Every structure is written in structure tokens, then in C-alpha cells.
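Here's a quick walk through one protein model, taken a piece at a time.

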Amino acid sequence: IDATAIVARLAYRQGNMPLAAQLVSSAFAAYRHNAWPNVELMRRAIELPPLIAKMRPLAPAMTTTFDQPWSAGQWEEERRLRRILLDHEIFGCAASTMSALHAVEPWPPWREDVLRIRRDCYAAAHDSRAEKAQQDLIDFFTNEPAKLLPPNH
């Protein structure tokens, strides 16, 4: 798995996106059953699917790399976050994005981008969680820490 992840990054850097997509998908499929790959290598591999997805024909395959949990729950929060962001970028508020959002309920990642996607998609789908999603976004802004201003302002 380590070698596959390394070669996937190499293929990406060399501009061979189809090979990079195939290898990162293979590495993640194996990672679902084996918890022993190098943690730092896998963290870097997690960065690849959104980059590869910029080549639109490969985008749908890259969104599926985040669909299933990896062994021993490794990188679970990051996997769920990336799944939401990438699915929304590629598919908008389609069924896959809705599924990704439902998977993090009732405690979504407390980030503005995710909370906005959640509010917008639930509202567009007339989902029963739309009102809660709107209130969560309001709460996020209400409780956001004050920004520090530079001296002399």
C-alpha cells in the first residue's frame, strides 16, 4: 500500500493523471482492509483525489475514494470532510453529496464551507434538516472569535 501511494504521487507529479487515479484508488481500497501503511504517506495520499479530480473525466472515480471508511477508522474525520467537499464540487447537491452530509449528522464538521454546503443542499432538497442547518450556520458566525486587527487600526 505504501509503494502504491508513493507511485500514485509520482504519477501525479509527472502529469499521468489516469495512472495516478488508478493507483490512489487501489491504495485506498487496500487501506480499507489493512491498517498498517505509513500514516504520513496516507495523509499525503488523501490530498491526491481532489487534485486529480480537476481533470473532470476522472472526477467521479476520485469521489468514490472517500466513500468507505479505512481500516481501524484511520483518518475518519478527514475522509468524511473530503467526501463532502469533493462530492459537492463535482456533483453539486446531488444524491452523493446528500449521502455524505447525512453521514456526518448530527455533528457536521464545524467549518464555514461545510456548514454552507449543508445549509444550501438541505434547503434545495427541502430536507427536514434545512432549518437546523441554517441555525448551525448562524451559530457558527455568532460564535466566531473576533478577528485581531493589526496595531494602529
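## The biggest pocket

The largest pocket in this predicted model has a volume of about 150 Å³. Its lining is made up of Glu77, Glu78, Arg80, Leu81, Val104, Trp107, Pro108 and Pro109. Sort those by class and you get 5 nonpolar and 3 charged residues, with no polar ones.

## Overall layout

Zooming out, what is the protein built from, helices or strands? It has 9 helices and 0 strands, so reading from the N terminus the elements simply go α-α-α-α-α-α-α-α-α. As for dimensions, the C-alpha trace covers about 45 × 45 × 30 Å along its principal axes.

## α1 against α2

Helix α1 takes in residues 2-13 and helix α2 residues 17-31, and the two pack at an angle of about 160° with 8 Å between their axes. Angles over 145 degrees count as roughly antiparallel, and α1 and α2 are therefore roughly antiparallel to each other. Their crossing is left-handed.

Who touches whom here? On the α1 side it's Thr4, Ala5, Val7, Ala8, Ala11 and Tyr12, and they meet Met17, Leu19, Ala20, Leu23, Val24, Ser26 and Ala27 of α2. By class, this contact has 11 nonpolar and 2 polar residues, and no charged ones.

## α6 against α8

Helix α6 (residues 76-91) packs on α8 at an angle of about 55°, and the axes are 11 Å apart. The two helices are therefore oblique to each other, and α6 passes α8 in a left-handed crossing. From α6, the contact uses Leu81, Ile84, Leu85 and His88; from α8, it uses Asp113, Val114, Ile117 and Cys121. The class count for α6 with α8 comes to 6 nonpolar, 1 polar and 1 charged residues.

## α7 against α8

Helix α8, which runs over residues 112-124, also packs with helix α7 (residues 95-102), this time at an angle of about 120° with the axes 11 Å apart. That angle makes α7 oblique to α8. The crossing of this pair is left-handed.

Thr97, Met98, Leu101 and His102 are the α7 residues involved, and they meet Ile117, Arg118, Cys121 and Tyr122 in α8. The contact of α7 with α8 has 5 nonpolar, 2 polar and 1 charged residues by class.

Now for the loops. Where does Pro106 sit? Its place is in the loop between α7 and α8, and a cis peptide bond joins it to Glu105, with omega about 0°.

Ala72 isn't a glycine, yet it has a positive phi of about 60°.

Key: Residues are numbered from 1 along each chain as its sequence is written. This is a predicted model: local features need pLDDT of at least 70, side-chain atom pairs count only at pLDDT 80 or more; totals for chains, interfaces and linings use all residues. Side-chain values use heavy atoms; hydrogens and water are left out. On a 1 Å grid over the protein atoms alone, a cavity is a set of points where a 1.4 Å probe fits but cannot get out, and a pocket is an open set with protein on both sides within 12 Å along at least five of seven lines; lining residues have an atom within 4 Å of a point. Grid points are joined across faces, edges and corners, and a volume is the space filled by probe spheres set on the points. Ala, Val, Leu, Ile, Met, Phe, Trp, Tyr, Cys and Pro count as nonpolar, Asp, Glu, Lys and Arg as charged, and the others, Gly among them, as polar. Axes are lines fitted to C-alpha atoms, for helices over the stretch in contact, and angles run from 0 to 180 degrees between N-to-C directions. Helices (H or I, at least four residues) and strands (E, at least two) are DSSP runs, numbered from the N terminus. Angles under 35 degrees count as roughly parallel, over 145 as roughly antiparallel, 65 to 115 as roughly perpendicular and the rest as oblique. A crossing is left-handed if the near helix is turned anticlockwise from the far one by less than a right angle, and right-handed if clockwise. Contact means heavy atoms within 4.5 Å.
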